[in-house]
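Please examine the sequence and the three-dimensional model below. The paragraphs that follow lead from the overall arrangement to its details.

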Amino acid sequence: MKVLLFSLVLGLLVASQGEAQIDASQFTGRWLTHYIAAENIEKITEGGPFHIFMRYIEFDEENGTVHFHFYIKKNGECIEKYVSGIKEENFYAVDYAGHNEFSIINGGENALITHNINVDGHGKETKMVGLFGKGDNVDPQWEEEFKNAVIQNGIPEENILNFIHNDNCPDE
């Protein structure tokens with residue numbers, strides 16, 4: 001009997017070690033960009049394609065899609081954008097400023113940490129990590145987890161930009 005119980009526990013432990021699939025639909029809703037970090041900082045500075053002020057993300061697990069509503073800033077002007085992607089394996093393939101592999105690192109009720117790999121039209125690859133929040137503030141634990149993700153992805157901490165204090169684009 002002990003062997004049977006041990007086998008069951010061991011089996012459950014091994015099964016739990018596989019990659020957990022996150023049900024991304026739980027993160028559908030209004031999100032604001034707090035921080036973005038990028039290997040190539042030009043991608044996230046004003047005028048860059050990823051200098052984005054997020055407004056809404058919809059994860060449709062049933063259809064395997066993601067939809068983004070955000071603004072970019074060029075010459076101080078907010079330009080509205082809508083972008084969609086399709087789920088592939090453990091990321092969403094999104095065509096915007098090249099090809100992107102967008103994924104969720106972690107999330108909660110009021111914070112979302114994401115990872116994106118962008119390959120632009122010139123074939124240059126850039127890793128990015130983003131922290132999004134439901135309001136103007138996120139819990140410091142999420143900021144710490146975001147910074148750890150930045151470091152784990154080899155992005156210099158000085159390449160972290162604060163977006164929430166510069167967001168003057170229209171609300172939804």
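What pattern does the protein follow when read along the sequence? The pattern is α-β-β-β-β-β-β-β-β-β-α-β, and the secondary structure comes to 2 helices and 10 strands. Helices (H or I, at least four residues) and strands (E, at least two) are DSSP runs, numbered from the N terminus. This is a predicted model, in which local features need pLDDT of at least 70 and side-chain atom pairs count only at pLDDT 80 or more, while totals for chains, interfaces and linings use all residues. Residues are numbered from 1 along each chain as its sequence is written, and side-chain values use heavy atoms, with hydrogens and water left out.

Consider next the interior. Of the 172 residues of the protein, 42% count as buried; buried means under 20% relative accessible area, exposed over 50%, and partly exposed in between (1.4 Å probe, protein chains only). A nonpolar core is a set of buried Ala, Val, Leu, Ile, Met, Phe, Trp, Tyr and Cys residues joined through side-chain atoms within 4.5 Å. The largest such core has 28 residues, and those with the most contacts inside it are M54, I57, F59, F68, F70 and V94. At least two residues of this core are supplied by each of β2 (32-38), β3 (52-60), β4 (65-74), β6 (91-95), β7 (99-107) and β9 (125-133). Apart from this core lies another, of 13 residues, among them A37, F146, A149 and I155.

Two strands pair if DSSP finds at least two bridges between them. β6 pairs with β5 in the antiparallel sense over 4 bridges, and K87 stands opposite Y92 in β6. The hairpin of β5 and β6 has 2 residues between the strands, and E89 in the turn has a positive phi of about 50°. β6 also pairs with β7, again antiparallel over 4 bridges, where the bridge partner of Y92 is F102.

Finally, the structure holds 1 disulfide, that is, a pair of cysteine sulfur atoms within 2.5 Å. This disulfide joins C78 to C169, with an S to S distance of 2.1 Å. C78 lies in strand β5 (residues 77-88) and C169 in the segment after β10 (160-162), so the pair ties together parts that are 91 residues apart in sequence. C78 is partly exposed, at 22% relative accessibility, whereas C169 is buried, at 6%.
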